[in-house]
Amino acid sequence: MGNQSTVARFILKSFSDDPTVNAVCTGCLLVTYAFGVLANIAVITVITKDGHLHTPMYFFLKSLSFLDVCYTSVTMPKAIVNAILGSQEISFLECAVQLYSFFTLAATECFLLTTMAYDRCMAIYRPLVYGVTMSRKLCWELVSTAWICGALYSIFHAINTFSLPFCGPNVIDHFFCDIPPVMRLSCADYHTNEEVSFIYTSCIILGACVLTLLSYLLIISTIAKIQQVQGRWKAFSTCSSHLTTVLLFYGTGSSLYLRPTSDYSPIQVRLAAVFYSIITPTLNPLIYCLRNKEMKVALEKVFLQLQRRKV
C-alpha cells in the first residue's frame, strides 16, 4: 500500500464548512459524546454490580455498551480535537487504522445485535431449555465470534480502499476517514472498488439483518399464540428495547452504506455519519434504561449506595 501512495498525510474537514455552525456542532457533539460514554459506563457498572442482572440478556447488553464506548471513541475525540484546535491533519497510516477500526466496531455491533436477537428468540420461543442452552460459555463464544467476524470483515474494506493509489488531492470531505470520501481522492478509477465494496457490505450486513428478522418472526409468532394480553405484553417488553436499537442501527447505517454510489452527497454523508457514529450509540443506554424496569431498579440501588457513601 505504501509503494503505491505518494500522499503521506490527509486533511480532514470539520463538522460544517461554516465556522459558526461548526462551533455549535462541536460543542453539541462534545456534550453528546461525553454523555454517551458516561451512560454506557454506567450501564456496564450497574450490570456488573447487581447480581440479579447476571443473565445472558444483560451480559450481551454490557457487551453492547462496551462496544459503543469503543465505537464512538474511534472517530469523535479526533474530530472534536481537530475542530477545537484547527489542526485537521491525519497521517496515511492513522487514517487506515481509523477506517479499519471503525468498520470493525460497526460490523461487530451488527453481529452482536444479531446475537442478542437470537438470545431473545431462545428466551421466548424455547423458554424451557433457555437456561441450559444459553450458558455462560456460549455467551462468551457468541460475543467473541462477533468481534472476530467484525475484524475479519473490515480487513477487506481496508485493503480495498487503501490499495488504490493516492497521488493528488488529500482533503477528505468528511470529519473522519470513511470509505466513500477516501476513495474519491484516488488518482485512479475507484468506481470498481466502490461497487465491490457496496456488494460485499450488502451481502454481509443484509445477511445479518435477515437472521435478526428470522429471530423476530419466531418471537412474534410465539407471542401471537399467548392467549392472555398481559402475557403477550410481558413477552414483547423483554425484546422491545433491542428491536428499537436494531431499527436505529440499520436505519442510520443503511442510509449511507446501502445506497447507490451515484447518489453520493458529501453533506448527506457527514449528516448521516453524525447519527450512526454518535447519536445511536448514545441513545442505546437510554433506550434500555428507560424501557426496562430491572435496569431502573438497579440504577436506583447504585444511586442510593453512592448517596449513602457520601453521607
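Here are some friendly notes on the pockets, sheet, helix and disulfide in this structure.

1. **Before you start.** Please keep in mind that this is a predicted model. Residue numbers count from 1 along the chain.

2. **The largest pocket.** Let's begin with the space itself: the largest pocket holds about 620 Å³. There are 25 residues along its lining, and those closest to the centre are Lys 234, Ser 237, Thr 238, Asn 292 and Glu 294.

3. Among the contributors, α8 has the largest share, with 9 residues. Sorted by class, the lining contains 10 nonpolar, 9 polar and 6 charged residues.

4. **The second largest pocket.** Here the space is about 270 Å³. Its lining includes Phe 15, Ser 16 and Asp 17, along with Cys 25 and Leu 29, then Phe 175, and finally Ile 267, Arg 270, Leu 271, Val 274 and Phe 275. Two or more of the lining residues come from each of α1 (19-49) and α9 (266-290). Helix α9 gives the largest share, 5 residues. By class, the lining of this second largest pocket divides into 8 nonpolar, 1 polar and 2 charged residues.

5. Three strands form an open sheet in the order β2-β1-β3, and their pairing is mixed. The edge strands, β2 (89-91) and β3 (171-172), each pair on one side only. Strand β1, residues 9-12, runs parallel to β3, and the two are paired over 2 bridges. To see this pairing for yourself, look for Leu 12, which stands opposite Ile 172 of β3.

6. **A disulfide to find.** The whole structure has 2 disulfides. One of them joins Cys 95 and Cys 177, with 2.0 Å between the sulfur atoms. The link of Cys 95 and Cys 177 is left-handed, with -125° about the S-S bond. Where do the two partners sit? Cys 95 belongs to helix α3, while Cys 177 is in the loop between β3 and α6 (179-183). They are 82 residues apart, and the pair links distant parts of the chain.

Technical notes. This is a predicted model: local features need pLDDT of at least 70, side-chain atom pairs count only at pLDDT 80 or more; totals for chains, interfaces and linings use all residues. Side-chain values use heavy atoms; hydrogens and water are left out. On a 1 Å grid over the protein atoms alone, a cavity is a set of points where a 1.4 Å probe fits but cannot get out, and a pocket is an open set with protein on both sides within 12 Å along at least five of seven lines; lining residues have an atom within 4 Å of a point. Grid points are joined across faces, edges and corners, and a volume is the space filled by probe spheres set on the points. Helices (H or I, at least four residues) and strands (E, at least two) are DSSP runs, numbered from the N terminus. Ala, Val, Leu, Ile, Met, Phe, Trp, Tyr, Cys and Pro count as nonpolar, Asp, Glu, Lys and Arg as charged, and the others, Gly among them, as polar. Two strands pair if DSSP finds at least two bridges between them. A disulfide is a pair of cysteine sulfur atoms within 2.5 Å.
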